Amino acid sequence: MTVKRGIIIGLASYVLWGIMPLFWKLLQHVDSLEILAHRMLWSAVFLIPICLIACRADFLSLFRNRRAVLLLLGTGLIIMFNWGIYIFAVNTSHILQASMGYYINPLVSIIAGMLFFRERLSFVQKIALVLATVGVLFFTIDYGSFPWISIVLAVSFAAYGALKKFGGYQALPAMAMESSLVVPLAIAYIVFTFFQPGHAFLAFDVSGAFTSTSLVTTLLLICGGILTFFPLLLFSSAVNVIPLSWMGFMQYIAPTISLLLGIFIFHEPFTFAHTVCFCLIWFGLVLIVIESVLKRGQDKGRLEL
C-alpha cells in the first residue's frame, strides 16, 4: 500500500467515526444497553472470522497466554464501557460533550504516559493540561453542570490506550480477542431482553406480526457491528504505512465533525461556557501539535547530520 492510499484510508476512518452520531440517532428509540449489546455481538461476528483468516496463529496463541487473556479482558471491558457512554451521549442529545471528551483524550493520554510509563511532560504539555483543566472548571461553574460524559469518555479511552500499549499485542488479533472475551456478556443481555417487553431486536407487535419497522431496527442493530470494526480496520491498515504523527493530526477530524453535527444538525445549544471551554482545549492542542512538528523537524535534522 502506498503512503497516498494510506492517507486516504486514514482520513476515511476518522470521517466514519465523526459521522457516527448520524447512525446512532436512527436507533434513538432503542435502549442504550440493548444497542451496546448488539454492537458488541455483531462486531465480534464480523471481526473474529476476518481475524481467523488473516492471522489465525497469532489470534489463537493469545488464548494460551494468561497475561494476554487477563489484559485483553480488561481492555475489552473498558472499551465496552466507553462505547456505552458514547451511545448514551448521542441518544440523549449530549453530542457536544462526547466531542469534548475526544478532544480532551490526547491530554489525558499524556497524563497516563507520565503516570504509567514514566514519560516526562514538556513545558508545552503542562500548559496544555492547565488550559484544558481551566476550560473544564469554567464550563462547570458557568454552565452549572460538570461535563462528566466528556471526562468519562476521555479517561476510559486513555486507559484503554494505555493498557493496549502495556500489552504490546498486534492490533487485529488483540481486537478479536477482546471481542471474544466480552461477547458472552452481550449474548447474555440480548437473551435476557428478548424475553422482556419493549426489546427492539426481532420485535413483534401486539398482534404477533413482525413489522417493517422492526425489520429496519433489527438490520440497523446488526449494521452497528459493521460500523464498529470497519473504521478500526481502516485505521489499523493506515497506521502501518503512514507516520503516527500524521495520524495524530488526523485524529481531531472525528470530534470536529461530531461537534458540527451537534450544533448544526441536532441543534444542541452551544453556549458561552462551551465556547470558552473548547477554545482553551483547542489552544492547548494547537500548542502540542506545533511542538510535535518542531520536534520531528529537529529529530530529522539530527539524523541527516
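## Helix H10 and the residue after it

His267 follows H10 and has a positive phi, near 55°. The model is predicted. His267 is not a glycine, yet its phi is positive. The residue sits in the loop between H10 and helix H11 (272-304). Its relative accessibility is 61%, over the 50% cut-off, so His267 counts as exposed.

H10 itself covers residues 253-265. Its 13 residues should span 18 Å at 1.5 Å a residue, and the end C-alpha atoms are 17 Å apart, so the two values agree. The buried residues of H10 are Ala254, Pro255, Ser258, Leu259, Leu261, Gly262 and Ile263. A helix has 3.6 residues a turn, so residues three or four places apart point the same way.

Most residues other than glycine have a negative phi. Ser93 lies in the loop between helix H3 (66-91) and H4. With a relative accessible area of 39%, Ser93 is partly exposed, because that value falls between the 20% and 50% cut-offs.

H7 runs over residues 171-194. At 1.5 Å a residue, its 24 residues should span 34 Å. The C-alpha atoms at its ends are 33 Å apart, which agrees. H7 also has a kink of about 40° at Val182. The kink comes shortly before a proline, Pro184.

Val183 is part of H7. At 13% relative accessibility it is under the 20% cut-off, so Val183 counts as buried.

Glu34 is 160 residues from Phe194 in sequence. In space, the C-alpha atoms of Phe194 and Glu34 are 9.9 Å apart.

## The second largest pocket

The second largest pocket has a volume of about 200 Å³. Its lining is made of 13 residues. Nearest the centre lie Ile104, Val108, Thr133, Val136 and Ile151.

Three helices each supply at least two lining residues: H4 (95-116), H5 (123-143) and H6 (148-167). H5 gives the most, with five residues. By class, the lining has 12 nonpolar residues and one polar residue. No charged residue takes part in this lining.

## Ser150 in helix H6

Ser150 lies in H6, one of the helices that supply the lining of the second largest pocket. Its relative accessibility is 0%, so Ser150 counts as buried. A polar atom of the Ser150 side chain lies 2.6 Å from the backbone oxygen of Gln97. The cut-off for a polar contact is 3.5 Å.

How values were computed:
Residues are numbered from 1 along each chain as its sequence is written. This is a predicted model: local features need pLDDT of at least 70, side-chain atom pairs count only at pLDDT 80 or more; totals for chains, interfaces and linings use all residues. Side-chain values use heavy atoms; hydrogens and water are left out. Helices (H or I, at least four residues) and strands (E, at least two) are DSSP runs, numbered from the N terminus. The expected span of a helix is 1.5 Å times one less than its number of residues. The bend at a residue is the angle between axes fitted to the seven residues ending there and the seven starting there. On a 1 Å grid over the protein atoms alone, a cavity is a set of points where a 1.4 Å probe fits but cannot get out, and a pocket is an open set with protein on both sides within 12 Å along at least five of seven lines; lining residues have an atom within 4 Å of a point. Grid points are joined across faces, edges and corners, and a volume is the space filled by probe spheres set on the points. Ala, Val, Leu, Ile, Met, Phe, Trp, Tyr, Cys and Pro count as nonpolar, Asp, Glu, Lys and Arg as charged, and the others, Gly among them, as polar. Buried means under 20% relative accessible area, exposed over 50%, partly exposed in between (1.4 Å probe, protein chains only). A polar contact is a pair of N or O atoms within 3.5 Å; within protein, one must be able to donate a hydrogen and the other to accept it, and residues adjacent in sequence count only if both atoms are side-chain atoms.
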